[in-house]
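Subject: Model handover and findings

Hello,

Here is the model for your files. Please open it alongside this note.

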Amino acid sequence: MMQEATPETQGRLSPGIRAARAKSFRKSLKKDSTLYLLALPGIVILILFAYLPMSGLILVFKNYNFNDGIFGSPWAGFSNFEFFFSSMEDSLRATRNTVMLNALYMLTGTFFSVAIAIILNELRSKWFIKITQSVMFFPYFISWIIIGAILFSLLDYDKGIMNQLLQTLGISQVDWYSSPWLFVIILVLANIWKSAGYGAIIYYAVLQGIDTSYYEAAKIDGASRWQIITRITVPMLIPSIILMTLLGIGGMLKGDLSMIMGVTFLNPLLLPTTDIIDVYVYRTAIRSGEFGFASAITLYQSVFGFILVLVANKLAGWYDKDSKLF
């Protein structure tokens, strides 16, 4: 009969358990040494650029100045947070714009990425698929500065191609750079053009791993191509869509400062819809050297994003337990 574990017996067994675990780890290290070596550079980079910089979080509670440095600057308590939330109108507008734009980017980006991936999966010409993938992937590497210059040549009030086309059609010109809500649509379209191809390749790779016997069985049963897409392809993609969405939700409160700067040139007339948190911090803190305030808002973004991931992961678990991150 097995003796019931007591604190005394657990204490006596713990060194043996630790030794067994250490032996098991050494055995695994020896067996999978190549895999550990492959993972080592990524682990080192993660520690150097993700975990060690966390020591700088002390800056959040400091009244930072260049002379005293991070650790020598006087303590400021929560005043850096108070600076952000003291102007509720500006902070709420920045938070609203950030969440709104990121939600639009995520919804439209996912839709077009999945649609393109399904279209590629339905094509049978291998050379055409390879060329299309390269063409779609290329915009991902173009900087927002260049995209902003392209958009300016299209949307400039006096010399822009769009306004010249409108004039030719007898329609009055549009001052695009003075229309905040029109620029929301422009930003969403620019994001789709830049990132949809990258996302499509990810989903297309998932589709290539689906067992072809599902499609063959559906064709034998007389299913149409639309039925195959809706009953097999899309359901097979749902776990990957959930995973990519969960990863994206973590950055829901983080905006793309380079995108806003490159496309809108920080035009004050567009700030009602483009003044995201990162832009607000840049305008009010970075330019004036308020690094403590900037660090406090970064911490606020990270904590809020972490909470969103926990909630979204819980919801995903209710839908499908296998789709959770943890």
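Below is what was found, starting with the ground rules.

This is a predicted model, so local features need pLDDT of at least 70 and side-chain atom pairs count only at pLDDT 80 or more, while totals for chains, interfaces and linings use all residues. Residues are numbered from 1 along each chain as its sequence is written, and side-chain values use heavy atoms, with hydrogens and water left out.

**Annotation against the model**

UniProt, in an unreviewed entry, places the feature "domain: ABC transmembrane type-1" at residues 95-312. Positions are in the numbering used here, feature names are shortened, and annotations may be inferred rather than shown by experiment. In the model, the span 95-312 is 77% helix and 0% strand. Its end C-alpha atoms lie 19 Å apart. Helices (H or I, at least four residues) and strands (E, at least two) are DSSP runs, numbered from the N terminus.

The unreviewed UniProt entry also gives "transmembrane region" at residues 35-61, 103-123, 135-155, 181-207, 228-253, 259-281 and 293-312. Residues 293-312 are 100% helix and 0% strand, with end C-alpha atoms 28 Å apart. Residues 259-281 are 65% helix and 0% strand, with end C-alpha atoms 15 Å apart.

**Inside 259-281**

Most residues other than glycine have a negative phi. Phenylalanine 265 sits in the loop between α12 (257-264) and α13. Leucine 266 is in the loop between α12 and α13 too.

Phenylalanine 265 is partly exposed, at 45% relative accessibility. Leucine 266 is buried, at 16%. The classes are buried (under 20% relative accessible area), exposed (over 50%) and partly exposed (in between), with a 1.4 Å probe and protein chains only.

Methionine 261 is in helix α12. Methionine 261 is partly exposed, with a relative accessible area of 29%. From methionine 261 to valine 279, the C-alpha distance is 8.2 Å, across 18 residues of sequence.

**Salt bridges**

How many salt bridges does a search of the whole structure find? The search finds 3. The criterion is a side-chain nitrogen of Lys or Arg within 4 Å of a carboxyl oxygen of Asp or Glu.

- Arginine 93 meets aspartate 275 at 2.8 Å, N to O. This pair links distant parts of the chain, 182 residues apart: arginine 93 is in helix α5 (residues 88-122), and aspartate 275 is in the loop between α13 (271-274) and α14 (277-286).
- Aspartate 275 meets arginine 283 at 2.9 Å, N to O. Salt bridges with shared partners join Arg93, Asp275 and Arg283 into one network.
- Glutamate 122 pairs with arginine 225, the closest N and O atoms being 3.3 Å apart. This pair also links distant parts of the chain, from helix α5 to helix α11 (residues 225-249), 103 residues apart.

Aspartate 275 is buried, at 0% relative accessibility. Arginine 93 is partly exposed at 24%, and arginine 283 is partly exposed at 27%. Glutamate 122 is buried at 14%, whereas arginine 225 is exposed at 55%.

Isoleucine 249 lies in helix α11. Isoleucine 249 is buried, with a relative accessible area of 14%. The C-alpha atoms of isoleucine 249 and phenylalanine 306 are separated by 8.7 Å, and the two residues are 57 apart along the chain.

**Surface charge**

Which residues gather in a patch of positive charge on the surface? Lys23, Arg26, Lys27 and Lys31 do. Patch members have over 30% relative accessible area and no salt bridge, and like charges are joined within 9 Å. Lys and Arg count as positive; His and the chain ends are not counted. Charges are placed at NZ of Lys and CZ of Arg. Areas come from the Shrake-Rupley method with a 1.4 Å probe. Lysine 31 lies in helix α1 (residues 7-31). Lysine 31 counts as exposed, at 70% relative accessibility.

Best wishes

Terms used
Patches are made of residues with over 30% relative accessible area and no salt bridge: like charges are joined within 9 Å, nonpolar side chains (Val, Leu, Ile, Met, Phe, Trp, Tyr) within 5 Å.
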